[in-house]
Amino acid sequence: MNKHQNNRAGIRAWLNPWRYGIERFAYWLMRITGIGLLIYFIIHIYETSSILEGKEIWNKMLDLTQTTEGHIILILVIGMATFHTINGIRIMLGHGGIGIGNASRPDYPYIPKSQNMKNKLCIYASVGLAALAMLYGAEVMFGE
Amino acid sequence: MIRESTIMKIHYATALGSVALVVIHILFRFTQNFHDSLKFENVLINYSLLPYSILLELILILISIHGFNGLRIILLELNQGKNYETLVTYSCLASMIALITYGSRTILMASMGMI
Amino acid sequence: MAAIKIPANNRNIANEIVDRPKNKILFRVAKFNPRVDTHTKYVDYDIEYDHWNTVLDALLTIKHNLDPSLALRYSCRQAACGSCGMIINGKPALACFTKINELGSDLVKIEPMSNFPILRDLAVDFTQMFDAHKKLKPYIIRSDSEISSSDETKEFIQDPSSVEKYIQFANCIKCGLCNSACPTMATDSLFFGPQALTQAYRYLTDSRDQGKNTRLKIIDDRHGIWRCHFAGSCSKVCPKGVDPAMGIQFLRGYLLGFRD
């Protein structure tokens with residue numbers, strides 16, 4: 001069976017966050033922020049290891065990272081970490097069956113209870129708090 | 001072979017643990033002016049505090065486990081096949097161990113003043 | 001003989017509906033025959049429809065009048081059999097349960113359900129979904145039976161509250177829309193899929209069932225329940241209110257120790 005006949009939606013189904021509501025957007029953002037944070041974490045371990053090379057190399061590393069671009073990246077990391085944390089807690093609770101409603105005889109128009117307002121609000125809050133954290137981070141880094 | 005449920009319980013536990021510890025780590029940047037806190041001497045003082053070094057080591061371990069397991073999950077969903085899955089699993093494990101070793105070296109040497 | 005007298009104003013409404021000019025719409029239908037084609041081609045059909053027509057009505061009009069080679073699967077025309085699932089304007093839906101005028105578009109793009117191999121045009125192969133479904137033992141597992149060796153038969157009595165626990169999930173018509181919307185199914189060919197996992201929960205939560213541990217062992221797999229990330233797209237497209245995302249999370253609750 002060739003790939004075309006196989007008809008899997010493929011990675012483009014991951015990359016399109018707009019088709020199935022805010023929950024799918026949260027799924028997409030969770031993945032993106034997870035990958036972003038892992039990349040940052042590896043770079044962070046590398047950059048901090050320069051402390052072993054002495055003051056001169058450490059300062060050179062600071063000159064490289066404590067720039068406008070470096071600060072913007074750090075602000076993005078703050079946003080990613082905040083969203084990943086709060087949405088991660090929502091997902092963890094959901095995975096345990098907490099906060100997703102109770103099973104009952106479904107009635108038309110069949111609005112899924114697992115996608116209830118609590119979950120939606122939590123996603124909005126994760127995005128909102130991530131934005132606030134980024135603003136605070138920007139204030140700390142650029143405001144001094 | 002570890003059961004997938006055990007791996008995922010570790011995934012959740014490392015997530016919660018790292019959140020708590022990273023908060024403390026970030027708060028350390030606010031004990032003084034952010035830019036001052038990154039000065040060579042101040043960072044060395046941080047490392048010289050044993051509880052802080054232990055905190056850094058724990059963060060390193062927890063996030064490495066969580067991050068590389070997350071990467072493993074994404075890669076396992078991306079493609080399938082026995083050889084591919086074995087390669088992904090062991091590559092993620094090796095990368096995790098390598099990163100923990102590399103980061104631990106920094107923490108250990110800096111905390112012991114071997115600079 | 002009793003006669004029913006239709007009020008004059010009602011007759012006018014009836015005439016109005018019948019005489020109403022038909023609407024026109026463009027249907028763009030995916031056509032792919034694996035024996036001949038290498039890629040899907042899209043064929044456009046201009047059709048007329050009445051405001052009560054469904055997408056299935058339109059496809060059958062195309063098949064009967066414009067293109068008899070169009071392959072599609074359908075049966076009940078009332079969202080009970082789960083045969084006519086397809087991608088309608090980018091979203092998985094039942095053709096018989098989707099009215100054309102509710103789509104709010106001048107163009108209706110019809111494609112086969114994604115994540116299912118194409119048999120031809122809009123007809124897809126359900127083998128993998130049914131295999132996963134069977135693998136999770138979609139039946140009551142018990143050591144005893146209603147029919148005993150003696151002449152007496154017995155009943156496994158359930159109270160209404162026990163039925164409420166699983167009846168929502170028993171609504172599944174195996175249409176495959178949830179599997180088509182699932183982002184994991186899009187790339188993971190070994191994932192059980194939301195349909196099968198939800199049915200595992202449906203039987204596991206049945207008070208007559210004793211197969212909990214058997215099923216939990218099966219789903220605790222590298223491509224099992226842990227590959228669900230609660231994106232909820234399955235629940236969004238379910239035409240019967242099954243809410244697979246809820247069933248799957250409840251099922252996972254057993255493995256995480258939140259339920260027993």
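## Model and confidence

Helices (H or I, at least four residues) and strands (E, at least two) are DSSP runs, numbered from the N terminus. This is a predicted model: local features need pLDDT of at least 70, side-chain atom pairs count only at pLDDT 80 or more, and totals for chains, interfaces and linings use all residues. Residues are numbered from 1 along each chain as its sequence is written, while chains are lettered from A and ligands numbered from 1 in the order in which they are written.

The predictor assigns the complex an ipTM of 0.94 and a pTM of 0.92. pLDDT is the predictor's confidence in each residue, from 0 to 100. For chain C it averages 92. In that chain, 91% of the residues score at least 70.

## Chain C: overall build

Chain C contains 9 helices and 7 strands. Its C-alpha trace spans about 65 × 65 × 35 Å along the principal axes. The chain has 260 residues, and 42% of them count as buried. A residue is buried if 20 or more other C-beta atoms lie within 10 Å of its own, exposed if 12 or fewer, and partly exposed in between, with C-beta atoms placed from the backbone.

Two residues are in contact if their C-beta atoms, placed from the backbone, lie within 7 Å. Take the contacts in chain C with a separation of 6 or more: residues 24 or more positions apart account for 66% of them.

## Chain C: two domains

Domain 1 of chain C covers 20–124, and domain 2 of chain C covers 127–141 + 160–256. These bounds come from an automatic or database domain assignment. The C-alpha centres of the two domains are 28 Å apart. Domain 1 of chain C brings 14 residues to the contact, and domain 2 of chain C brings 12.

On the domain 1 side, strand β4 (residues 91–94) of chain C gives the most, with 4 residues. That side of domain 1 has 9 nonpolar, 4 polar and 1 charged residues. Here Ala, Val, Leu, Ile, Met, Phe, Trp, Tyr, Cys and Pro count as nonpolar, Asp, Glu, Lys and Arg as charged, and the others, Gly among them, as polar.

## Partners of chain C

Chain A puts 34 residues in contact with 42 residues of chain C. On the chain A side, the elements giving two or more residues are α1 (3–6), α2 (11–15), α3 (22–48) and α5 (68–95). By class, this side of chain A divides into 14 nonpolar, 14 polar and 6 charged residues.

Chain B has 8 residues in contact with 12 residues of chain C. Helices α1 (4–29) and α4 (50–78) of chain B each supply at least two residues of the side that touches chain C. The classes on this side of chain B are 3 nonpolar, 2 polar and 3 charged residues.

## Backbone details

In chain A, a cis peptide bond joins A:Tyr108 and A:Pro109, with omega about 10 degrees. A:Pro109 sits in the loop between α5 and α6 (117–142) of chain A.

Two non-glycine residues have positive phi: A:Asn7, near 65 degrees, and C:Ala79, about 55 degrees. A:Asn7 belongs to the loop between α1 and α2 of chain A. A:Asn7 is buried, because 21 other C-beta atoms lie within 10 Å. C:Ala79 falls in the loop between α2 (55–66) and β3 (85–88) of chain C. C:Ala79 has 17 C-beta neighbours inside 10 Å, so it counts as partly exposed.
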